[in-house]
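Hi everyone, thanks for making time.

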Amino acid sequence: MNMAKLPLKPLSQQVIVITGASSGIGLVTARMAGRAGAKVVVAARNEEALQQLCAEIQQQGGQAAYVVADVGKEEDVSRIAEQAIETFGDIDTWVNNAGVSIFGDCLEVTIEDMKRMFDTNFWGVVYGSRLAASYFIKRGGPGAIINVGSFFGDRATPVQSTYSTSKHALHGWTDALRMELEHKQYPISVTLVHPARIDTPYNEHARSYMPNQPAHRGMIYPPEAVAEAILFAAENPKRDMFVGSEAKVLAWLSALSPRLTDKLMNKIMYHSQYADRPSRSREDNALYEPGYGLHERGTHQGCSYRSRSYYVKMSKHPVVSSVAIAGLGLMALRLMKRS
């Protein structure tokens, strides 16, 4: 079976499950999916935020249900699927988006905190992917699994060492799952989303071992760009969706010259991951308890804020983009010959 031609339903006919939907990327994705006519099942630990989100989607004419769930617990993930099927009778797309970060050095972060992060960032994805895949196989029809990774899952970074490691594990799991399902000819699309730095409350929800507040500096993209990539992949089978050119460039540079990338990361990543203000208390975070909800944006210090990701736009139209790039290349070649 050619996975690129897998007939996925239009969003308006889908039941879509989204984890980590109480804030940031998950929140924006749920709102956009609801406006597109999808039946949305949202999951997170913050019940009040989920209630308000569902009410908002319903008031706008959409359909939504929620499940209070900690994706680090397999039984909670099972309840998400049960609620989706009980309420809407089916599942078409499963988005594993829930995640949390820790800002701190490898030798400083406790093993307990590392394990807790892996429960959410890695095991939550494993539980969701296995459950969704098993459901699609049993049903016999096509379905989509979309896992939200990170450009730090393509290239390790200092300061967020534990987060980066968990995303590397997520990327490896996603690639292995995709190959196995394709080998067995199951009609399941598996997409890995690679966001660059995104403006979400991710920094406020993170556990901080740093004296200064975690924050993104530099090029920052809006969560709508990631949601656009996710919802495109829900309708169109895609292996990877990179959000932001820096995500693609970093993956390419790391593969081409890993030692040079080490030096660049050491030079850039220490000062570009915290703000000019004291850090919140180490206990004030969403690692073990629900974070505050219904906030799409964070408190970053981006010096180059993007309103959209042109790389996502290009990924949605690869043929046109390839022709345009080839045309620009020919123009550049001609100019070089004239000079």
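First, the ground rules. This is a predicted model, so local features need pLDDT of at least 70 and side-chain atom pairs count only at pLDDT 80 or more, while totals for chains, interfaces and linings use all residues. Residues are numbered from 1 along each chain as its sequence is written, and side-chain values use heavy atoms, with hydrogens and water left out.

On confidence, pLDDT is the predictor's confidence in each residue, from 0 to 100. The protein averages 92, and 91% of the residues score at least 70. Helices here are DSSP runs of H or I with at least four residues, strands are E runs of at least two, and both are numbered from the N terminus. Confidence is highest in strand E4, residues 93-96, at 99, and lowest in helix H11, residues 318-338, at a mean of 46. Within residues 323-333 pLDDT stays under 50, and the model has 1 contact beyond four places in sequence for that stretch; contact means heavy atoms within 4.5 Å. Where pLDDT is low, the predicted coordinates should not be read in detail.

Now the annotation. UniProt, in an unreviewed entry, lists residues 14-201 as "domain: Ketoreductase". The positions are in the numbering used here, feature names are shortened, and such annotations may be inferred rather than shown by experiment. That span is 49% helix and 20% strand, with its end C-alpha atoms 28 Å apart.

On to the cores. A nonpolar core is a set of buried Ala, Val, Leu, Ile, Met, Phe, Trp, Tyr and Cys residues joined through side-chain atoms within 4.5 Å. Buried means under 20% relative accessible area, exposed is over 50%, and partly exposed is in between, using a 1.4 Å probe and protein chains only. The largest core has 55 residues, and Ile 16, Val 40, Val 42, Ile 230 and Val 243 have the most contacts inside it. Which helix gives this core its largest share? That's H7, residues 223-235, with 8 residues. There's also a second, separate core of 26 residues, including Ala 43 and Leu 177. Going back to Ile 16, its contacts beyond four places in sequence include Ala 33, Val 40, Val 95 and Leu 231.

Grid points are joined across faces, edges and corners, and a volume is the space filled by probe spheres set on the points. By this rule there are 3 cavities of 30 Å³ or more. About 670 Å³ lies in the largest cavity, and of its 41 lining residues, Gly 20, Asn 97, Ala 98, Gly 99 and Val 100 are the closest to its centre. H1 gives the most to that lining, with 3 residues.

The largest pocket has a volume of about 280 Å³. It's lined by 15 residues, and Arg 197, Glu 246, Leu 250, Ile 268 and Met 269 lie nearest its centre. Strand E10 (217-220), helix H8 (245-256) and helix H9 (258-268) each supply at least two lining residues.

Finally, single residues. Ser 22 lies in the loop between strand E1 (15-19) and H1, and is buried at 11% relative accessible area. Among its contacts beyond four places in sequence are Ala 49, Gly 293 and Leu 294. Ala 49, in helix H2 (residues 47-59), is buried too, at 4%, and touches Ser 22, Gly 293 and Leu 294.

Thr 191 sits in strand E7, residues 188-195, and counts as buried because its relative accessibility is 0%.

Notes: 1 Å grid on protein atoms, 1.4 Å probe; cavity = no way out; pocket = protein on both sides within 12 Å on 5 of 7 lines; lining within 4 Å.
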